[in-house]
Amino acid sequence: MLLDENLERRGVAKTRKPQYRAITTGTPRYRTAPRWIYGLPCILPDASGRYPCKVNAIRTTDGSVYPIKTNTLSEYTGCDDCNGTPIYEGDIINKNRNYVRLVQYDERYGAYVTLCKSQRSNYSIDYLAKGDTLCRDIEVLGNLWQNPELLKQRCHTDYSLEEVYKD
């Protein structure tokens, strides 16, 4: 069976390459402070030379590998806010200047969603999709790790994002 040689190249060019971010551990050996690093997740051996079962580093596009705080690893949703800032999982956003929401991946729906608790203790969920009009009305305020005080901020309803995140 003959295949078109260009078929594989076209398929690869159209696929979305995953983008991740995490906060580095900030090693005293290299005198680096913790900072955001962007790339693809990978696994580094621990002090005993064994490989752990979870991602503990990020490889950047230039090939450098940085150890990370594993709980800060988050993936790019594919959407940008109204200012062109990429929206990542764990970001806290402001929708229409009056709804403060949390960006999460929901396995039940298989999509990135923004969460807000409604008055009947149900959740109001909006899907994030590239090119959707919802992304034009969103502004990134911060994230869970650097701006935890934003979780205490009240939504349009009587609930805080902290209560949403604990559920």
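**Cysteines, sheet and aromatic pairs**

Cys79 is buried, its relative accessible area being 2%. Cys82, at a relative accessibility of 42%, is partly exposed. The model is a predicted one, and zero disulfides are found in the structure.

The strands E4, E3, E2, E1, E5 and E6 form, in that order, an open sheet of six strands with antiparallel pairing. The edge positions are taken by strand E4 (65-67) and strand E6 (86-88); each has a single partner strand, so one side of each lacks a neighbour in the sheet. On average, and with direction ignored, neighbouring strands of this sheet are turned by 50 degrees against each other.

Within the sheet, strand E1 (residues 20-23) and strand E5 (residues 74-80) run antiparallel and are joined by two bridges. Arg21 is placed opposite Ser74 of E5. Strand E5 is largely enclosed by the rest of the structure, because six of its seven residues are buried. Strand E5 also pairs with E6, again through two bridges and in the antiparallel sense. Here Asp80 stands opposite Pro86 of E6. The two strands E5 and E6 make a hairpin with five residues between them, in which Gly84 adopts a positive phi near 90 degrees.

The loop between E4 and E5 contains Thr72. This residue is buried, with a relative accessibility of 2%. When neighbours within four places in sequence are left aside, the contacts of Thr72 are Arg21, Ala22, Ile23, Trp36 and Trp145. Two of these residues, Arg21 and Trp36, are also related to each other: Arg21 lies over the face of Trp36, at 4.4 Å from the ring centre.

Aromatic ring pairs were examined next. A pair of aromatic rings is described by the distance of the centres and the angle of the planes. The structure has four aromatic pairs. In one of them, the ring centres of Tyr38 and Tyr88 are 5.9 Å apart and the planes stand at 55 degrees, so this pair is tilted. Tyr38 belongs to strand E2 (residues 36-42) and Tyr88 to strand E6; the pair thus links distant parts of the chain, 50 residues apart. Tyr38 is partly exposed, at 42% relative accessibility, whereas Tyr88 is buried, with a relative accessible area of 4%. In another pair, Tyr105 and Tyr112, the ring centres are 5.1 Å apart and the planes are at 70 degrees, so the arrangement is edge-to-face. Of these two residues, Tyr105 is partly exposed at 39% relative accessibility, and Tyr112 is buried at 9%. Ring pairs also join Tyr38, Tyr76 and Tyr88 into a cluster.

Note on methods:
Residues are numbered from 1 along each chain as its sequence is written. This is a predicted model: local features need pLDDT of at least 70, side-chain atom pairs count only at pLDDT 80 or more; totals for chains, interfaces and linings use all residues. Side-chain values use heavy atoms; hydrogens and water are left out. A disulfide is a pair of cysteine sulfur atoms within 2.5 Å. Buried means under 20% relative accessible area, exposed over 50%, partly exposed in between (1.4 Å probe, protein chains only). Two strands pair if DSSP finds at least two bridges between them. Helices (H or I, at least four residues) and strands (E, at least two) are DSSP runs, numbered from the N terminus. Axes are lines fitted to C-alpha atoms, for helices over the stretch in contact, and angles run from 0 to 180 degrees between N-to-C directions. Contact means heavy atoms within 4.5 Å. Rings of Phe, Tyr and Trp (its six-membered ring) pair if their centres lie within 6.5 Å; planes under 30 degrees apart count as stacked, over 60 as edge-to-face and the rest as tilted. A charge sits over a ring if NZ of Lys or CZ of Arg is within 6 Å of the ring centre and within 35 degrees of the ring normal.
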